[in-house]
Amino acid sequence: MSGATSGGSTPQSLVINEAAQALRDGRLVAFPTETVYGLGADARNPQAIQKVFTTKGRPSNHPLIVHIASPGQIDQAQIDWVSVLAPWARDISEDALKLIQAFWPGPLTLVFKKDKRVLSEITGGQDTVAIRSPAHPIAQELLQQFQGGVVAPSANRFGKVSPTSAADVRSEFEDNADVLVIDGGDCEVGIESTIVDVSNGDRAILLRPGVITPKEILAKTGVQVYSPGEVADTNVHPESLPRVSGSLKAHYAPTTPLRLYAPGRVLDALTEFPDTKSRVAVAVWDSESSLGDDGHPSVQLEEVEVPSDSNAFASRLYRTLRDLDEQGWDLILFPEPPAGEEWDGVRDRLQRACFGSGPSFRSHDSN
Ligand code: TXA
Ligand code: MG
């Protein structure tokens, strides 16, 4: 893999120029966003998009997010988003515009009715398209230099933990020389963007929880975002909602078995694993004193502190899972996240990671 880095004597803008050219040439560019690293390709180039699916090992009916630049306006309220989105999306509602004004650029993806020019390779054949404008300055500069839309799923192999550093990306695609990696340091948000479907006109629906919560959206815009469950008994049926690959039961998964434990119930979580499991890493809240001498004769427990603030937890989640996965534990235990909407994003990722974890699990088989 040729790794473009921002260090050394190469100014970052040259690296970004080179990356924009690589996108024009139909190559893949992994770049940092504020959420996780994305594996980018020209959204108007079917062959490049095909490469994204084969490189990730992702089924080709799973739709991709189109990333677009945010016009460099001093006054965000002056941006004509309907025109900016016109090459990609149509029927943009007033509510959708409020969400854009409040949260773009940022970790919010919106699903719109698609423009006819959007390639069906991106949408999995659906009539909607997912779009976001990422807040990371390198992502913005790349998109501005490229002057087009860039499809970018998380830069990990299908079903695995999303990368939050350039080194993570390189370890995912070690054997692939055709991926240019821009190193932008560690991702701040740490879990993928919140996805809200606004294609339906009158009701915004949460498709994937993230650090931007329905509560925050309501507070900042007055727009109510419904969960798919809430709309089930109205005129929208969940089965008519678009497919979200992050909604597979197993996803974001480490190779080491991972389980959640209820407060004070570490030993209960161990009973599922007979005493051959001897090396266990236990994540504990940094706000709490350690597990104490809650010993078990045949198990060596090692504690790892995790933040008790939800945003800080999200920021470190994939880093911690990757690091623990590499350390050769027999089992990883995480505390169940507390109730509350601000924990929904990490709870969702942790539950799927548990379901898909373990050496022999094949995430393709599950849904
Ligand atoms: O934070 C993020 O969103 C990251 C960074 C790189 O931007 N990207 C990301 O992409 O998470 P990916 O491909 O791993 O997840 C995109 C999600 C998938 O679950 C996909 O099914 C959903 O977006 N999606 C894409 N197009 C859609 C559509 N038209 N309708 C519903 N869901 C869609
Ligand atoms: Mg992903």
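**Exercise 1.** Is R117 buried, partly exposed or exposed?

*Solution.* This is a predicted model. Start with the value: R117 has a relative accessible area of 49%. Now apply the cut-offs: buried means under 20%, exposed means over 50%, and partly exposed lies in between. R117 is therefore partly exposed. Next, look at its partner. The side chains of R117 and D115 form a salt bridge, 2.8 Å from N to O. D115 has a relative accessible area of 10%, so D115 is buried.

**Exercise 2.** Which parts of the chain does the pair E34 and R132 link?

*Solution.* Find E34 in the loop between β2 (28-31) and β3 (38-42). Find R132 in strand β7 (residues 128-132). The two are 98 residues apart, so by the cut-off of 4 Å check the gap: their salt bridge spans 2.9 Å, N to O. Both E34 and R132 are buried.

**Exercise 3.** Describe the largest nonpolar core.

*Solution.* Count first: this core has 49 residues. W104, F112, I122, I131 and V196 have the most contacts inside it. Helix α4 (residues 94-103) gives the largest share, five residues. Then zoom in on F112: its contacts include L85, I100, W104 and I131.

Conventions:
Residues numbered from 1 in each chain as written. Chains lettered and ligands numbered in written order. Predicted model: local features only at pLDDT ≥ 70, side-chain atom pairs only at ≥ 80, totals over all residues. Heavy atoms only, no water. Core = buried A, V, L, I, M, F, W, Y, C linked by side-chain atoms within 4.5 Å. Buried < 20%, exposed > 50% of the residue type's maximum accessible area, 1.4 Å probe, protein only. Contact = heavy atoms within 4.5 Å. Lists of a residue's contacts leave out its neighbours within four places in sequence.
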